[in-house]
Each structure stands twice: as C-alpha cells, then as structure tokens.
Amino acid sequence: MSIHHEFIQDIQPKLVEWRRQFHRNPELGFMEYETTYAIGKELEALGFTLYIGRDALKSTSRYGVPSSKEIQQHEANISSSMEEEWLNKMKGGHTGLVAVWNTGRTGDHLAFRFDIDALPIKEKADDQHLPYKKGFHSQNQGVMHACGHDGHTAIGLGLAHFIASHSSELNGKFTFLFQPAEEGGRGAKAMTDKGWLYEVDYFYSGHIGIQDLPVGTVAASTKGFLASSKWNVTFKGQSSHAGMKPEDGRNALLAAATAATQLYTIPRHSEGVSRINVGKLSAGNGRNIISDYGYLELETRGETKSINDYMQEQARRMIRSSADMHNVDATIDFVGETEPMICDDEMISIVKETCQSSSNIMHIINIANVSGSEDASFMMNAVQSHGGKATYMLFGTKLSDNHHSPAFDYEEEVLTVALDTYIHIVKGGHLFE
Ligand SMILES: [Zn+2]
Ligand SMILES: [Zn+2]
C-alpha cells in the first residue's frame, strides 16, 4: 500500500466533516465570509501564502454583487470569532481567496479552482433528505448548498493537505483558487482579471454530479458548456388611477409581460445550440393602479460566443420594442456572464495516464457532454490564451434530486474519488525526481 493510499484513508473522515460543516453554513455569492475564513484558517495553518478577498479579486470585475443592504446585513451576522483583519479584507462583498504553494523547485505551475458559494433555496426538511436526517442541514434559512460546492470546497482542502504534507516530493508551483459566486457566472471573471492564470501551465477544475454516473467514474473532460449572459431588466412607467385616469398611465407591467413572452420567440440559430429563459417576473402595485414598475431576470445562452451575442442582440431589441410599445423606459443590468470553454485533448491523456493506478477510480470517460454554463470558462480561456492547458472534469455520483433543488444531495464517497483524481494528477505529472 503506497503512502498516498494511507493519506487518502486518513483524510476521508475529514473530507466528510468539512463537507458537512460547509453544508451546515451555506453562504450566497459574494457573501461567503465564514466559508472563506474557514478555508483560509485551514490553509494558513498548512503554510500556504494567502491572498484573501480584495487581494484575490479585481473588485470592479465582479458581476451581480448583492445590494449593500444585503451585504451589511450578512456582515452584521458574521460570527464574532472572525479576526478583524480578515473581515476587513472581505468587506463589501470581496469573498474567496487564492492560496499559493511554491515548492521552490523548477517545475510546472498547476492551478486548481474550487467554487464555494451556495444558492437561495430553502433546504428540504424531512427524513428522506440525508443532510436533514443526519443533522447537517442548512442553518442559514433560505440558503442551501444545492449544487455540491460544499463538496468542491472540501476536496480543495484535502488536496491542499496533500500538497503541504508531500511538498518535499513535489516540484513546481500550485495555485488554489477558492472562487466566490459561481452561480450566475459572477465571480470567476474577478479572479481571472486579477491575473492569477496568466502563468499557469495546467489548469484543473471539475464538478460533482451533473450527469448520472456511478461513484468511481470520472470524466477527464467535458464539452458543451454554453456561453451565457445574465440580465436584470427594469421597466419604469407612470402609475395612474385605473378607473379615473388610465390614459395618464404608462404600463410597465404590460411592457414586462410583453417582453417575457416575446423573448421566447427569438429565432433559433442554425450554427448551434441557443437558449433563452426568463426566470423571474415581477410587476405592479395593486388592482386599481396602472403599474409603473416591471422587472425581469433572464439569461441567454449560446454554443459559441457569437451565438450568444446573437441571442443578446435579439433580446435587447425585444426588450426595447416592448418598452416602446407601452411607452415606458427599460434598463438592462448585466449581472453575470460565462464564456464557452474547450478542454484540451492533451489533458484527457494526462488524467487517464495518471489516474489508471488509482484504486478509487473505476472508470474514466474521455469526454462528458453537458449543457450548462460555467464561469471557470474565464479561467480556462485565460490559461489557454497564454499557452497553458486546461480541463474541466466530472466526478460521478448518484444524486437524490436535481442540482438546484431543495432535496439535492450526493454520495459522499465521490469526495474521495475526486480528491484521489487530483492527487494522482499532482503526483503523476509533477513528482520531484
Ligand atoms: Zn449550480
Ligand atoms: Zn455548481
């Protein structure tokens, strides 16, 4: 039994413990203060060089930052045990951190990205749902780790422990990006624009679940992640008495409703996949009032950047025309974005070759097809445009329900498989000789 096998066995209970700790205390994008603190304290103790919050992000490249009211409310609730210095670095929605380990020996520069945010979902509270049954369900009302980022964070900590404890056998440099606000494609660009990826030789990220694959199956790469853009649209009109002076009103409710239905009529593009969705519509003040307010949250997606640009251009026209039709104003806030991403073929062979000796990995798929969107795309494209290679993997597990649903859960054994994959990659290609 190799030394690293023992490492995996020893750290297994910690992986589960970390995952449950993060699951218990989920935080929304750009509000992952306690999550960042917990990660940071662990890495600090291991000897990593840390760049926290503001030092890890380009502030102005953040998308869809929560309102200052929401941020202040959350900051006020943060456990008093957090050191002032850490809180100051994160204040105003600057969460997440970058941790660097330099072996001091020449070698490749590897970067790993783990997303850490949760979702605005009320977790299911019944005994069918394991986190509830075992008592590690969300303690943060209305917020839930319903995508698996609690697990991603735990895997990242496990890998950091491996690198710190095996540093004398390794060469090169390792950069860990614990990224905030993946949901909605809001956080990766801010880390990318800070410049962490420009000198990276190999970039690895991945996701638990996504596809229905058994534990022990790993996809060495993925394809089909779509470029996307996320908008909040506000319609402003003029309210008026609906009985006495309807002609003085300018109806923003109708403009929003018109836009919502018309957006779905955008012709599809012959060159590839596209998507449009209005996920939220709100409007109106009351029965006898012409509504002066309408609001939509929507997203466009496209297989390529140009298809997504086409979708955006069409959507802009639909919104403008709907506003014109009802003589109201429309403003579009751009709140999130992902790019298309292409994994490098070379990475498939690296994952396959390095992982074939793992006793935890039963089956490796070359490429898994997906159709979501991922803002790791910004990081991958930054690495690749500077001559590095990148991949985005999937780690199989049965899911108790869909991603982003209140009963979402996965098999915790996937944490071991994913960690073992990363360890084999690090060990295989980058051992000191
Ligand atoms: Zn998600
Ligand atoms: Zn996710």
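Where is the place of Ile 210? Ile 210 sits in strand β5, which covers residues 202–223. Helices and strands here are DSSP runs numbered from the N terminus, with at least four residues (H or I) for a helix and at least two (E) for a strand. Ile 210 has a positive phi of about 70°, although Ile 210 is not a glycine. That deserves a second look, because most residues other than glycine have a negative phi. Ile 210 is also buried, because 22 other C-beta atoms lie within 10 Å. The cut-offs are these: a residue is buried if 20 or more other C-beta atoms lie within 10 Å of its own, exposed if 12 or fewer, and partly exposed in between, with C-beta atoms placed from the backbone.

Before we go on, a word about the model itself. This is a predicted model, in which local features need pLDDT of at least 70 and side-chain atom pairs count only at pLDDT 80 or more, while totals for chains, interfaces and linings use all residues. Residues are numbered from 1 along each chain as its sequence is written, and chains are lettered from A and ligands numbered from 1 in the order in which they are written.

Let us step back to the whole protein. It is divided into domain 1 (3–224 + 341–430) and domain 2 (227–338), with bounds that come from an automatic or database domain assignment. The C-alpha centres of domain 1 and domain 2 lie 34 Å apart. Where they meet, domain 1 gives 10 residues to the contact and domain 2 gives 7 residues; two residues are in contact if their C-beta atoms, placed from the backbone, lie within 7 Å. On the side of domain 1 that touches domain 2, there are 1 nonpolar, 5 polar and 4 charged residues. In this count, Ala, Val, Leu, Ile, Met, Phe, Trp, Tyr, Cys and Pro are nonpolar, Asp, Glu, Lys and Arg are charged, and the others, Gly among them, are polar.

Next, find the open sheet of 4 strands, whose order is β8-β10-β6-β11 with antiparallel pairing. Strands count as paired if DSSP finds at least two bridges between them. At the edges stand β8 (274–283) and β11 (329–338), each with a single partner strand, so one side of each has no neighbour in the sheet. From one strand to the next, the twist averages 15°; axes are lines fitted to C-alpha atoms, for helices over the stretch in contact, and angles run from 0 to 180 degrees between N-to-C directions.

With β8, β10 pairs in the antiparallel sense over 9 bridges. With β6, β10 pairs in the antiparallel sense over 10 bridges, and Phe 235 stands opposite Gly 294. Because 7 of its 10 residues are buried, β10 is largely enclosed by the rest of the structure.

What covers this sheet? The buried residues of helix α8 pack against β6, β8, β10 and α9 (305–325). Among the buried residues of α8 are Ala 252, Leu 253, Ala 256 and Leu 263. The 12 residues of α8 reach 16 Å from first C-alpha to last, close to the 16 Å expected at 1.5 Å a residue; the expected span is 1.5 Å times one less than the number of residues.

Arg 250 counts as buried because it has 20 C-beta neighbours inside 10 Å. Not counting residues up to four places away in sequence, Arg 250 touches Gly 237, Gln 238, His 326, Asn 327 and Val 328. Phe 235 is 15 residues from Arg 250 in sequence and 10 Å away in space, C-alpha to C-alpha.

Now for some other spots. Helix α6 (residues 149–165) has 17 residues that should span 24 Å at 1.5 Å a residue, and its end C-alpha atoms are 24 Å apart, which agrees. Of those 17 residues, 15 are buried, so α6 is mostly covered. Ser 81, in the loop between α3 (68–77) and α4 (84–90), counts as exposed because it has 7 C-beta neighbours inside 10 Å.
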